[in-house]
Amino acid sequence: MSRNILITGGAGFIGSHVVRLFVTKYPDYRIVNLDKLTYAGNLANLKDVEQAPNYRFERCDICDYDAVRAIFRKYDIDGVIHLAAESHVDRSIKDPFTFARTNVMGTLTLLQSAREHWNGAWDGKLFYHISTDEVYGALELTHPEGIEPPFSTTASSTEHLAYGADFFYETTKYNPHSPYSASKASSDHFVRAYHDTYGMPTLVTNCSNNYGPYQFPEKLIPLFINNIRHRKPLPVYGRGENVRDWLYVEDHARAIDVIFHRGKVAETYNIGGFNEWKNIDLVRVLVCTVDRLLGRKEGEDMDLITYVTDRPGHDMRYAIDSSKLQRELGWEPSLQFEEGIGKTVRWYLDNQAWMDNITSGEYERYYEEMYRNR
Ligand code: NAD
Ligand code: DAU
């Protein structure tokens, strides 16, 4: 079946992996990547697919109602995978308004545009909204008896360790703490409201922390890999005790594919890899891996670790239970963390030009120039 699929935020980190997967796996689909190209959007993430005959790019702000409606009409969109968002918690603390605008009003604008275009003919339509585990709030950090944290500095000791008795389930009550997670929670509610009120076929998934190639280097893993390479300080917030649950980005993209095609309308699915790490342990693994791959003495850059003032309202622990998705749709993560983190570090070290282009601000100047001249 041919389909016209709108992927928003396709020039960002996760979006670029989703675009690549859909463009290559579904040659009969037309994939329209709608992205504003904010500081986080980078078309270099899609160099390998930009010439594909089934790929289109539209530079557009999801808050621009007229422009979004025109894109629905132009391509007769029948499926939406919505990833465009402001995604960085620290930025949301400094500038909450931008998060409310893009994440809440932008999502609402897309929903209303889809509703208008589909005009009640819901058959074969789907609005799939990508959300985060952060909407559930924070879990407590406890060490169940007999379980020791992975103090080893390699990733090889990672059988599943839970840092607490509780997990986020699809039924967990929303309790967001940061302006980012509050804005994502609000957008999730709007998506569900469009199903309940108008009958629009919608789906929401809540995923844990992603890692892998093309992540903007404001986020922990790419920032620290780059800093270790250049022997710059590694600013660990607080005592580095906070726990995050890490999933390789291509596994998230595969989950999105499975859920887009086989997920049950109006359902919520949690996506995660049962892969909890304390920040400080993860940072030690990064130091050892970068050192090893650069031919340095493993661990010699450990003294770059610098404890800095904690993030305000820093959620202590995220841990997602994705067994519903595994049980009902047969998805499971393909990569062990050891393999995923090795691949990731190698990718950033091999793609230093990609990183330098961002850290020098070069790519933003390039796009501004290109679009000013249109
Ligand atoms: P990102 O910041 O790397 O990319 C966001 C993309 O959205 C960029 O290309 C940006 O240009 C675009 N964008 C921002 N504002 C826009 C606007 N007004 N109009 C059009 N495009 C706009 O983000 P990411 O990490 O790839 O996250 C993608 C989605 O997945 C987000 O919705 C995020 O909440 C969610 N998510 C992320 C993670 C994670 O670990 N990164 C985990 C779970 C869920
Ligand atoms: O859980 C899913 C979320 O994961 C997504 O919804 C967000 O879009 C994504 O950015 C990510 O949020 P986090 O805040 O968990 O990711 P970040 O990489 O910013 O931070 C990971 C952990 O590392 C967190 O506990 C804060 C800490 N940290 C982060 C940075 C950037 C540091 O200690 N120092 C740092 O410099």
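A: A polar contact here is a pair of N or O atoms within 3.5 Å. Keep in mind that this is a predicted model.

Q: OK, ligand 1 then. How far is the side chain of Ser87 from an oxygen atom of ligand 1?
A: An N or O atom of the Ser87 side chain is 2.7 Å from that oxygen atom.

Q: And how well does the protein cover ligand 1?
A: On its own, ligand 1 has 840 Å² of accessible area, and the protein covers 97% of it.

Q: Which elements give two or more residues to the shell around ligand 1?
A: Those are helix α1 (13-25), strand β5 (126-132), helix α5 (179-198) and strand β7. The most comes from β5, which gives three residues.

Q: Which residues come nearest to ligand 1?
A: Of the 28 residues around ligand 1, the nearest are Ile14, Asp35, Ser87, Tyr180 and Lys184. The Asp35 side chain has an N or O atom 2.6 Å from an oxygen atom of the ligand. Asp61 has a polar side-chain atom 2.9 Å from a nitrogen atom of ligand 1.

Q: What's the make-up of that shell by class?
A: The shell around ligand 1 holds 13 nonpolar, eleven polar and four charged residues.

Q: Moving to ligand 2. Which residues come nearest there?
A: Thr132, Asp133, Tyr180, Arg311 and His314, out of 23 residues around ligand 2. Tyr180 is also listed among the nearest to ligand 1.

Q: What about polar contacts to ligand 2?
A: Tyr180 places a polar side-chain atom 2.6 Å from an oxygen atom of ligand 2. For the side chain of Thr132, an N or O atom is 2.7 Å from a ligand oxygen atom. Ser87 contributes a backbone N or O atom, 2.7 Å from an oxygen atom of ligand 2.

Q: How much of ligand 2 does the protein bury?
A: The protein buries 94% of the 680 Å² that ligand 2 exposes when taken alone. Helix α6 (220-229) and strand β8 (234-237) are the elements that give two or more residues to its shell. By class, that shell divides into ten nonpolar, seven polar and six charged residues.

Q: Now strand β9. Why call it largely enclosed?
A: Because six of the six residues of β9 (residues 243-248) are buried, the strand is largely enclosed by the rest of the structure. The cut-off for buried is under 20% relative accessible area.

Q: Which side chains point which way from β9?
A: Val243, Asp245 and Leu247 point one way, Arg244, Trp246 and Tyr248 the other, and all are buried. In a regular strand, side chains alternate between the two faces of the sheet.

Q: And what does β9 pair with?
A: Strand β7 (residues 209-211) runs parallel to β9, joined by three bridges; Asn209 stands opposite Trp246. Strand β11 (residues 276-278) pairs with β9 in the antiparallel sense, also over three bridges. There, Trp277 is the bridge partner of Arg244.

Q: Is Cys60 buried or exposed? And Cys288, buried or exposed?
A: Cys60 counts as buried because its relative accessibility is 8%. Cys288 counts as buried too, at 3% relative accessibility.

Technical notes
Residues are numbered from 1 along each chain as its sequence is written. Chains are lettered from A and ligands numbered from 1 in the order in which they are written. This is a predicted model: local features need pLDDT of at least 70, side-chain atom pairs count only at pLDDT 80 or more; totals for chains, interfaces and linings use all residues. Side-chain values use heavy atoms; hydrogens and water are left out. Buried means under 20% relative accessible area, exposed over 50%, partly exposed in between (1.4 Å probe, protein chains only). Helices (H or I, at least four residues) and strands (E, at least two) are DSSP runs, numbered from the N terminus. Two strands pair if DSSP finds at least two bridges between them. A residue is near a molecule or strand if one of its heavy atoms lies within 4 Å of it. A polar contact is a pair of N or O atoms within 3.5 Å; within protein, one must be able to donate a hydrogen and the other to accept it, and residues adjacent in sequence count only if both atoms are side-chain atoms. Accessible areas come from the Shrake-Rupley method with a 1.4 Å probe; for residues, only the protein chains shown count as cover. Ala, Val, Leu, Ile, Met, Phe, Trp, Tyr, Cys and Pro count as nonpolar, Asp, Glu, Lys and Arg as charged, and the others, Gly among them, as polar.
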